[in-house]
Amino acid sequence: MGVRTIQLGADERPLEGGWELLVTEGGRYQRPSDIPRSAIRLAALVPGTAAGALSAAGLYDLNEPEGLLEKDIWYFRSLEGEAPGAAVLRFEGLATVTEIYVNGELALTSTSMFECRELALQLTGRDELVLCFRALAPHLERRGPRARWRPQLFDNQGLRSVRTTLLGHMPGWCPSIHAVGPWRPISLVRPGKNFASNLRLSASLGDGGTGQLSASFRLATPASSVRLTCDGHSSALSSDDGTHFSGSLLIPDIEPWWPHTHGKPALHDVQLTIDGQTHGLGLVGFRTIAVEHGPDGRDFRLFVNGERIFCRGAVWTTADLLNLSGSAETYAPWLMQAADAGMNMIRIGGTMTYESADFFRLCDRLGILIWQDFMFANFDYPVGEEGFADQIRREIETLLLPVQVSPSLAVLCGGSEVYQQAAMLGLPEPTWRGAFFTETLASAASEFRPDVIYVENSPSGGAMPFSPNQGVTHYYGVGAYCRPLEDARRAEVRFAAECLAFAHVPTQATLDEHLAVPAVHDPRWKSRVPRDRNASWDFEDVRDHYLQLLYGFDPTRLRREDQGRYLDLSRAVTAEVVTETFAEWRRPGSSCNGALVWTYQDILPGAGWGVIDSTGEPKPVWYALKRAFRPLQLVVSDEGTNGLYVHALNESSRTRNVIIRLTCLRDGRQKVVSGESSTALAPRSTYSIAATDMFGAFFDTTYAFRFGPVPHHVTVATMHDAETGEMLSDAFHFPQGRETAFFDPEISISLRKDDVWTMTIEADRFAQSVSVDAQGFSMSDDWFHMGPGQRTIRLTPRPGTSSDLLPTGTLTTLGSRRVWRF
């Protein structure tokens, strides 16, 4: 959908098999004819990378990757047997400085990883295609315009002048796996009888619910009749000369596209009929998107179809660091888990790489908004160099034309932390806020996707670009800067494009299989813990700070004396921090309009930033986010001497009749005081009520007045559907901290199989951070608190596990040393 040139009736075939690879020292051979026939070649997959091919041959260690920057990587493929005649070779992505030889002659050179290149040629039936990916090191050493600042995040300052991914070049963030090779597909295209060039499509949604689909293009061969069809409606496109066509199709009462948290992500098929021959153009969604800055001009609020959206999700790293795969099959498991967790936005940051059109198509279907950075981060880029702006325009065109009507694309951003980097080094604003970000990139974004929001840089907008109380911020007050949890309110965050980075500990099963070393004490463990380059601390130290703050344990002593308990508390604490922070940000009256966690997935197994580990297994924090992101949500807020407030949120499009109950428990089971409130939650509405109004009398729920000993240890809030009794959401408050609410409950477990296995857990008192381990099954919820009573979760068989197999495993809680088996 949306490629600039569409071959009508063409034969397009990906050149996936038959490739061979040779690694040589940089500059050893100048031309393919210089390479001796005796040189040992390896089989290679395309699309793929040299590191991936070497790894498949057992010649590359992910834990100690060999540097490829000083190597030339040669790819060979015979085209013998291909029918003679005109053809086009399409290279969708070559990393990075590449020479393309046909029959030994240099036919094309590419210098950007992010550009699609095409080569027209006449095949003879006896042709050979050779690609040489030249050593990048000499290009990184090339002297360019003097940089006004030098970020310490990267291992080579020359990266500012080369259009390649920064993945693999950030020590402390990810291993040095360098992207070299044909990382995107190579296709052989046999032109058809006609082709459409300069194809532009746009989709919009009018105030009355009318969809408008517009198209324009030029045909190589004149046509007499062209029609545009969508959702059962059709319209003829007009032309003065029979080659250039344009026009619009109006579709009344079109079903709009929504983020999945707020409605249905409806998509509609688009077709182009030229002289009776129909060509599919894919799927389109109709929606509006707008940003408002509020009465004080400091907000960043996104509106979809006129409704304010609280954006929540995470920052994407990569689904496959080794091969940088861009296939739907690679993306699907990750993005489906994002939707399952209630995420409605994914950010592709400027330190990563562009994903393929399949990524956008999946987000279209799943109802996930995309915040897309252009690939600029931290550096002082040589924006004034001759040819640089033209190269970037081609890069943006390669990214945006295939997704020009993708409804999931919501924000285009000039890059990541360029403004922040320079500002933190004390440089004045005119030094870093220049026309490249305010005009050049903004203009390109507007040309190719005028319907989306453009942001100059992330972060930006405040007195300093990183000030959280205006515009877009990267918020690490709670997190890296070890501020108290209350800072999430005090900072007046408006929109956090990234936040809440911790070294999240994976499940024990992942560690046992992929990193079976003593936690914290082993260098192999520490090598997987992210840190900022040259920092004296890492993100495990950050997590330990909050472990002591929330639970009162000395983490240094705990991991020395009871490593198992240390790991469980480490798993629980980051889940608790994100729960509390998002409760603050989502409550009515909060200044926050959205927040994206850093990051979505790990690159290697270990205690990385990802909320999902590198094997695809959710970490405990993922389940906490899943609960925190519910469209029907209940949160509590400690308002000090104003008491405890309960807030119910309904982001759905229909009214929900609910019953809210609030109970204060002593010793985890003795009911001290309780109350309830029934209300009809209107669509897109919130409801707040003070605990004292629910109780009908004063009670020091937050223990703010301290009249004598604390009367209770935990407050449990629940929201149930008034008609079915289903529990929709719950929330908890600990007036004297979580360490005072460790109880040893009596627990019983029962299993039942209907369509899927369900587990009913019954506890006689409050149970903190309940964890279920059922081998061969995934859980609908885990690492959750539960009050006295019952809790039901679903168990879904993993691939290779029979649905009839009786689940077996264990259950534990933080408050007890006991293990319950089922």
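Guide: The account below begins with the helix packing and then turns to the salt bridges.

The model is predicted, so to speak of local features requires pLDDT of at least 70 and side-chain atom pairs count only at pLDDT 80 or more, while totals for chains, interfaces and linings use all residues. Residues are numbered from 1 along each chain as its sequence is written, and side-chain values use heavy atoms, with hydrogens and water left out.

Helix α14 spans residues 563–586 and packs against helix α12, residues 539–551; the axes are 9 Å apart and the angle is about 85°. That makes the two helices, α12 and α14, roughly perpendicular (65 to 115 degrees). Helices are DSSP runs of H or I with at least four residues, and their axes are lines fitted to C-alpha atoms over the stretch in contact, with angles from 0 to 180 degrees between N-to-C directions. On the α14 side, the contacts (heavy atoms within 4.5 Å) involve Tyr566, Leu569, Ser570, Ala572, Val573, Thr574, Glu576 and Val577. Their counterparts in α12 are Glu540, Arg543, Asp544, Tyr546, Leu547, Leu550 and Tyr551.

Arg586, in helix α14, forms a salt bridge with Glu651 at 3.3 Å, N to O. A salt bridge is a side-chain nitrogen of Lys or Arg within 4 Å of a carboxyl oxygen of Asp or Glu. Glu651 lies in the loop between β31 (644–650) and β32 (656–666), 65 residues from Arg586, and the pair links distant parts of the chain. Arg586 and Glu651 are both buried (under 20% relative accessible area, 1.4 Å probe, protein chains only). By the salt-bridge rule, the count for the model comes to 63.

How values were computed. Parallel < 35°, antiparallel > 145°, perpendicular 65-115°, else oblique. Buried < 20%, exposed > 50% of the residue type's maximum accessible area, 1.4 Å probe, protein only.
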